[in-house]
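Trainee: I would like to learn how to read the features of a model step by step. Could you take me through the one we have here?

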Amino acid sequence: MDMLRTVAGSEIMEQEVKGKGSEERWTGAIANLTEMASNLDSLQKLLLRKAVFVDEDTFAKASLTSEQARTIKVLEQRVETLEREVDAAITAAARARSEKRQAEAAQKAAELRAQEVTKELENTTKVFELHMEELRAKQEEISKRDKEIKLLEAIIQTLGGKDSRSSNLE
């Protein structure tokens with residue numbers, strides 16, 4: 001503190017040399033320094049009254065305990081982070097299982113629909129085959145009747161031709 005007063009005193013001398021224009025500024029600075037010195041003295045006295053002095057072994061144990069407490073706090077934070085990650089992973093897995101079940105159900109429904117369509121196509125094919133058989137039978141019948149008609153026409157022409165010859169002869 002005496003040193004601060006000496007510094008402040010030398011600053012006052014310099015101030016007188018420089019001039020009176022900055023005298024107020026220097027006066028304020030000296031007042032601040034004096035107040036800071038007083039506060040520093042009060043703080044030293046307070047620390048001396050409140051200070052706890054321990055031997056090295058006790059200090060080492062306290063330091064170790066403090067370091068362990070910091071490590072525990074860091075590890076607890078890491079555990080919380082990992083728990084959040086596990087919860088997120090569990091949620092994602094549950095969502096994936098649900099989506100898988102939905103996809104499987106949709107696939108099963110699509111397979112059932114494909115089976116239904118296949119059966120329907122098979123039935124339609126059978127119906128078409130039956131219709132084709134019917135059409136072939138009718139076509140054969142038409143062809144047969146066509147031949148009969150042509151035969152009858154030929155007979156009619158032959159008979160009609162003889163009738164017209166016999167009527168020409170008379």
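Mentor: What follows goes from the overall fold to helices, charge pairs and surface patches. This is a predicted model, in which local features need pLDDT of at least 70 and side-chain atom pairs count only at pLDDT 80 or more, whereas totals for chains, interfaces and linings use all residues. Residues are numbered from 1 along each chain as its sequence is written, and side-chain values use heavy atoms, with hydrogens and water left out.

Trainee: How many helices and strands does the secondary structure of the chain come to?

Mentor: Helices (H or I, at least four residues) and strands (E, at least two) are DSSP runs, numbered from the N terminus. Here the chain has three helices and zero strands, and its pattern along the sequence is α-α-α.

Trainee: What span does helix α2 reach from its first C-alpha to its last?

Mentor: The expected span of a helix is 1.5 Å times one less than its number of residues. Helix α2, residues 23-50, has 28 residues and reaches 41 Å, which is close to the 40 Å expected.

Trainee: Which residues are buried in α2?

Mentor: Buried means under 20% relative accessible area and exposed means over 50%, with partly exposed in between (1.4 Å probe, protein chains only). In α2, W26, I30 and A37 are buried, while across the chain 4% of the 170 residues count as buried. Accessible areas come from the Shrake-Rupley method with a 1.4 Å probe, and for residues only the protein chains shown count as cover. The chain exposes about 15600 Å², of which carbon and sulfur atoms supply 59%.

Trainee: How many salt bridges does the count come to?

Mentor: Side chains of opposite charge can pair when their charged atoms come close. A salt bridge is a side-chain nitrogen of Lys or Arg within 4 Å of a carboxyl oxygen of Asp or Glu, and by this rule the count is five. Among them is the pair E67 and R70, at 2.8 Å from N to O; E116 and R113 form another, with their closest N and O atoms 3.5 Å apart.

Trainee: Where do E67 and R70 lie?

Mentor: An α-helix has 3.6 residues a turn, so residues three or four places apart point the same way. E67 and R70 both lie in helix α3, three residues apart, and E116 and R113 have that spacing of three residues in helix α3 as well. E141 and R145 also form a salt bridge, at 3.5 Å between the closest N and O atoms, and because they are four residues apart in helix α3, about one helical turn separates them. As for accessibility, E67 is partly exposed at 41% and R70 at 47%, while E141 is partly exposed at 42%.

Trainee: Which residues form the negative surface patch?

Mentor: Patches are made of residues with over 30% relative accessible area and no salt bridge, like charges being joined within 9 Å and nonpolar side chains (Val, Leu, Ile, Met, Phe, Trp, Tyr) within 5 Å. Lys and Arg count as positive and Asp and Glu as negative, with His and the chain ends not counted; the place of a charge is NZ of Lys, CZ of Arg, CG of Asp or CD of Glu. The negative patch is formed by E76, E80, E83 and D87. E83 lies in helix α3, residues 56-169, and is partly exposed, with a relative accessible area of 47%.

Trainee: Which residues make the nonpolar surface patch?

Mentor: L151, L152, I155, I156 and L159 make a nonpolar patch of about 490 Å². L159 has its place in helix α3 and is partly exposed, with a relative accessible area of 49%.
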